[in-house]
Amino acid sequence: PDPATTQALLEVLAKKQVKATFFLLGSQAEAYPELAAKITGQGHEVGSHNYSHAFLNKVSLAEYLEQVARAEAAISKVAPKPGLFRPPGGGYNDKLVQELQKLGYTTVLWSVDPRDWEGKTAEATAGLVLKQAKPGSIILLHEGYCARATPEAVALIIDQLAGQGYSFVTVSELLGLTKQN
């Protein structure tokens with residue numbers, strides 16, 4: 001969660017009646033607990049994105065797993081314990097996936113990345129998503145000052161994809177880990 005974009009993103013999702021999966025950094029859940037609680041309070045799914053966005057190739061596996069535990073503790077104060085984990089930068093290896101599985105996590109990556117964190121306009125971000133989206137896509141988007149156009153992009157993406165007959169589900173629903181409502 002980030003005060004620069006989370007509220008606007010939640011408003012778009014509520015208006016469009018779409019539930020999403022938010023992968024939270026534990027440090028951000030600690031810094032903005034009311035926003036993190038609001039995400040789940042509005043029926044969105046929460047996964048972990050580790051504690052401080054450390055990349056696996058920059059720290060030891062033990063340190064990385066300590067961050068997983070720290071993120072879980074922070075997120076669990078304001079939301080249900082996450083069952084999904086998205087590694088920062090998509091960095092993972094078989095050992096990490098196995099260790100996360102032992103902790104009850106399913107490791108999730110993405111299939112569409114418009115790189116909204118580069119500060120693209122809403123139209124540019126939406127255009128990239130629309131070119132790449134296909135049935136079963138997991139679209140990676142960000143929150144925060146670097147991605148301040150993302151809420152507007154999400155509104156465009158939802159409208160365009162819904163117009164093409166797409167429906168929207170959480171990652172757990174997509175993977176068959178929970179029942180669709």
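The tour goes from aromatic rings to charges over rings and then to a surface patch.

Keep in mind throughout that this is a predicted model.

**Aromatic pairs**

How many aromatic pairs does a search of the whole structure find? There are two. Select Tyr64 and Phe85 to see an edge-to-face pair, with 6.1 Å from centre to centre and 70° between the planes. This pair links distant parts of the chain: Tyr64 belongs to helix H4 (residues 61-76) and Phe85 to strand S3 (residues 84-85), 21 residues apart. Both of these residues, Tyr64 and Phe85, are buried.

Tyr105 is buried, as is Phe85. Show Tyr64, Phe85 and Tyr105 together: ring pairs link them into a cluster.

**Charges over rings**

Next, select Arg70 and Tyr51. Arg70 lies over the face of Tyr51, 3.8 Å from the ring centre. Then move to Arg148, which lies over the face of Tyr145 at 4.3 Å from the ring centre.

**Surface patch**

Finally, switch to a surface view and select Leu174, Leu175 and Leu177, which make a nonpolar surface patch of about 250 Å². Leu174 is part of helix H8 (residues 171-174). Is Leu174 buried or partly exposed? Its relative accessibility is 35%, so Leu174 counts as partly exposed.

Conventions:
Residues numbered from 1 in each chain as written. Predicted model: local features only at pLDDT ≥ 70, side-chain atom pairs only at ≥ 80, totals over all residues. Heavy atoms only, no water. Patch = residues over 30% accessible without salt bridge, like charges linked within 9 Å, V, L, I, M, F, W, Y side chains within 5 Å. Areas by Shrake-Rupley, 256 points an atom, 1.4 Å probe, with all protein chains shown as cover. Salt bridge = Lys/Arg side-chain N within 4 Å of Asp/Glu carboxyl O. Helix = DSSP H or I, 4+ residues; strand = E, 2+ residues; numbered from the N terminus. Buried < 20%, exposed > 50% of the residue type's maximum accessible area, 1.4 Å probe, protein only. Phe/Tyr/Trp six-rings, centres within 6.5 Å; stacked < 30°, edge-to-face > 60°. Lys NZ or Arg CZ within 6 Å of the ring centre and 35° of its normal.
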